[in-house]
Structures are given as structure tokens and as C-alpha cells.
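Let's take a look at the pockets in this one and at what lines them.

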Amino acid sequence: MLIFSVFKTLTDQTVTVELKNDLSITGVLKSVDQFLNIRLDSIKVLDETRHPHMMAVKNCFIRGSVVRYVQLPAEHVDTQLLEDATRREAAAQAKR
Amino acid sequence: MEESTPPPPPNESSPPPPPPAATSGSPTDFLKGVVGKRVVVRLTSGVDYKGVLSCLDGYMNIALEQTEEHVNGTITNRYGDTFIRGNNVLYISAAEAL
Amino acid sequence: MDPSSSGIQEPFDLIRLSLSERVFVKLRGDRELSGILHAYDGHMNLILSDVEETIMIVDEEGQGAVNIAKRKMNMLFVRGDGVILVSPPSRT
């Protein structure tokens, strides 16, 4: 749930999603759900010559399970807040 | 409710003896017995991790101390502590007497 | 109790104690990361900053010669299903 919340705070920011098939897509994060499925707008594929079929695609839905990494805009991530929230979630997890 | 229930077994009789270690007992008994001991953790990739088992959880996530990474017989890495994600684990083997 | 354990009751404690520290992460696909850990969850989804990724590319024809590619990333979410192991900095 914590990571889901982080992604929600990053909506309308530009992120780069790297898929497990090595395709990297940069775009504006429009929405995310609890499975970390991601909707991107105004997308641009990193290596267009290698993925010519993606050239006409302007927006996409990415299934969470095919994601390897998401590069986040560091200036919009409060690392101290993240660590505190992580400790709180870990403590809540330990109770049950 | 009204069915005839057998009398409860006498409670003060001796409890079942503890299973002799390493020769019988459930998988859980094995895992309990092996915590704090030297173990070999083999991953599905074939890589072995040898170290002292700190603890593990129900997903078989594992914390190891003094870990050596072995790839087909040669040490490829050493770590003070390691967390191994349980889905990668093929088996845990005791590397010393229990 | 277990005498050798240093106050760790469950594996995730090891990760919790590594928050805001540099960790080593081994991933599927012959990838390794080094980065500062800021968040994780029960799936081992991670958020790391100041990340260096190392990719080992084994050249099949070249008698198993290993090429290494490195790159840096500022702030990175790592999906937990690719994680094999996480090693915190050695605590002494």
C-alpha cells in the first residue's frame, strides 16, 4: 500500500518505466492502481529504432507485473517521509 | 452436545517424547532446529549461499549471517548479512549437526 | 534463544535496519544494484536513490567472457519480483 501511495503522489510527473523486456518508456504518469498497473500519457520510447512499432503510440497502460524499474523524479520524492512511512508500515505488519 | 463424548485422555501422563533430531519430525521442526546453525541455501538458479541462518518466515524469506556465495564450487561473494527473497529458494540444508 | 542472532526476529528486520543505508541488491537477469534504501514493502518492492546498476552480459561465443555494463539512476523504484537478495552494509 505504501508504494501505491508513493506513485499516487507522483501523478502528473514524468517517469521512465523500464519493462522486463528491456523496453523503456518515458511519459507523464496519469494513474496507478493497487497492482501498480500504470497509465502513461505523452509517451516516448527510449530506443525508437529498436521498437519502431511503438512510434505512433501516444499513451499506454502498463501491467504492473511486467515492470522492472520505474525511474522517479527525485525532486518530488521526500526520502525522510518515505523512511518514516516504511517504518510505520513495518510496525503495523509486525503486529498481525 | 448430547452425544456421548469419550473422556479426555489423562493429561498428567507423560507428553509425547520430542522427535529425535534430524531423523524424523515435520519440515517445520527441521526449520526450527536449524535456526542459528550453519546452512546451505540453494536457489533455483543453482547458486548456493552458505552461512549462519539468522531467521526465516513463512514465505521462506531468509536472513543469513557470514554469507558466502558459491557458484559451481567457487566463492564469488561474501556478505555480512543477507536477505534472500523466499521465492528463489530451492532448499535449505543443514551444514552441521543439529 | 538463538545466540548467534543479533536481535533479528524475522528476515524483514534486516531490511528495516538498512533504511537510509547503502544496500547491495542482486536481481534476476544478471543485474546488481547499489543504492540508498528509502522504502520497501512485503513484496520487496524497493525505492532506492543514488543507484548504480551493473549488468553482467555473458558472451556465449567468446568462451564465456563477461561484459559489464554500468549506469546510474537518481531515484529508482524496483519491482520486488525481480529481487533475489538484499545485503545491508556490514553492521559491526
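Helices here are DSSP runs of H or I with at least four residues, strands are runs of E with at least two, and both are numbered from the N terminus. A pocket is an open set of points on a 1 Å grid over the protein atoms alone, where a 1.4 Å probe fits and protein lies on both sides within 12 Å along at least five of seven lines; lining residues have an atom within 4 Å of a point. This is a predicted model, and totals for linings use all residues. Residues are numbered from 1 along each chain as its sequence is written.

Start with the largest pocket, which holds about 960 Å³ of space; a volume is the space filled by probe spheres set on the points, with grid points joined across faces, edges and corners. Its lining has 37 residues, and Gln93(A), Asp41(C), Gly42(C), His43(C) and Met44(C) sit closest to the centre. Two or more lining residues come from each of α1 (2-9) and α2 (79-95) of chain A and α1 (11-16) of chain C. The top contributor is α2(A), with seven residues.

The second largest pocket has 22 lining residues, and nearest its centre are Val47(B), Val71(B), Lys26(C), Asp30(C) and Met56(C). Here β3(B) gives the most, with three residues.

For the lining classes, Ala, Val, Leu, Ile, Met, Phe, Trp, Tyr, Cys and Pro are nonpolar, Asp, Glu, Lys and Arg are charged, and the others, Gly among them, are polar.

| Pocket | Volume | Lining by class |
|---|---|---|
| Largest pocket | about 960 Å³ | 12 nonpolar, 14 polar, 11 charged residues |
| Second largest pocket | about 380 Å³ | nine nonpolar, seven polar, six charged residues |

Definitions and conventions:
Chains lettered and ligands numbered in written order. Predicted model: local features only at pLDDT ≥ 70, side-chain atom pairs only at ≥ 80, totals over all residues. Heavy atoms only, no water.
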